[in-house]
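Please read it alongside the coordinates.

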Amino acid sequence: MEKTKQGTGRRIRPATLNDLDELLALYAHARAFMARSGNPTQWGTSRPTPEQVREGVVRCVSFVCEENGRIAAAFEFSDGPDPTYLVIREGAWINESAPYRVIHKLASYGNGAGRFCLDWCWSQFRNLRIDTHRDNIPMQALLKKCGFVYCGLIDTLHDGERLAYQKIAD
């Protein structure tokens, strides 16, 4: 499941409990970046919580992108179906019934690490779903660059409406 891109010094690996402090620092950085970019409410000042980050690691759905031995990005990658994606409004999924994987909690320090994570997910499974906040313009731009298509609106269990995206193989 590990992938290294030649020349970048980047690789994806499962997160471990030893990564928790670095993951929490990365998510704090991402929250500050989102606030500066006009998106202060998606993760607020406390999400993902330490408990949510720990749970992702324990459930083996949390991954990190290392660059030259340091964490450059993190995300959760899990099998669908995702309960928040069961109902989509003002649009439709590209395909409703095919198995898919879900990407959540993507955060990076920049320099292409987020794209590297999305490309890795694509190399693992050819039907991906992800969502983001309406005000998260940088993430929307990244998703478009990586070939994700806007599909409609979903409602999260606790955090309200999100823009839903999907990428499938042709």
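1. Two strands are taken to pair if DSSP finds at least two bridges between them. The model is predicted, and by this criterion β5 and strand β6 (residues 127-132) pair in the parallel sense over three bridges. Within this pairing, V102 stands opposite R129 in β6. The chain passes from β5 through α3 to β6, and this β-α-β crossover is right-handed.

2. The connecting helix, α3 (residues 113-124), contains 12 residues and reaches 17 Å from its first C-alpha to its last, close to the 16 Å expected at 1.5 Å a residue. Its buried residues are A113, G114, F116, C117, L118, W120, C121 and W122. In general, an α-helix has 3.6 residues a turn, so residues three or four places apart point the same way.

3. Most residues other than glycine have a negative phi, and most peptide bonds are trans. The peptide bond joining R47 and P48 is cis, with omega about -10 degrees; P48 lies in the loop between α1 (20-36) and α2 (50-58). A cis bond also runs from G80 to P81, with omega near 5 degrees, and P81 belongs to the loop between β4 and β5 (101-108).

4. N68 has a positive phi near 55 degrees in the hairpin of β3 and β4, which has two residues between the strands. C60, in the loop between α2 and β3, has a positive phi near 65 degrees. C60 has a relative accessible area of 60%, so it counts as exposed, the cut-off being over 50%. K105, found in strand β5, has a positive phi of about 55 degrees although it is not a glycine.

5. How many salt bridges does a search of the whole structure find? The search returns 11. One of them joins the side chains of R13 and E66 at 2.9 Å, N to O. Because R13 lies in strand β2 and E66 in strand β3, the pair ties together parts that are 53 residues apart in sequence. Both R13 and E66 are buried.

6. A salt bridge also forms between the side chains of K105 and E76, at 3.3 Å, N to O. This pair links distant parts of the chain, with K105 in strand β5 and E76 in strand β4, 29 residues apart. K105 is partly exposed, with a relative accessible area of 25%, whereas E76 is buried, at 9%.

7. R101 forms a salt bridge with D79, the closest N and O atoms being 2.5 Å apart. R101 lies in strand β5 and D79 in strand β4, 22 residues apart, and the pair links distant parts of the chain. D79 counts as exposed, at 54% relative accessibility. Salt bridges that share partners join R11, R13, D19 and E66 into one network.

Definitions and conventions
Residues numbered from 1 in each chain as written. Predicted model: local features only at pLDDT ≥ 70, side-chain atom pairs only at ≥ 80, totals over all residues. Heavy atoms only, no water. Helix = DSSP H or I, 4+ residues; strand = E, 2+ residues; numbered from the N terminus. Buried < 20%, exposed > 50% of the residue type's maximum accessible area, 1.4 Å probe, protein only. Expected span 1.5 Å × (residues − 1). Right-handed = clockwise from strand over helix to strand, strands pointing away. Salt bridge = Lys/Arg side-chain N within 4 Å of Asp/Glu carboxyl O.
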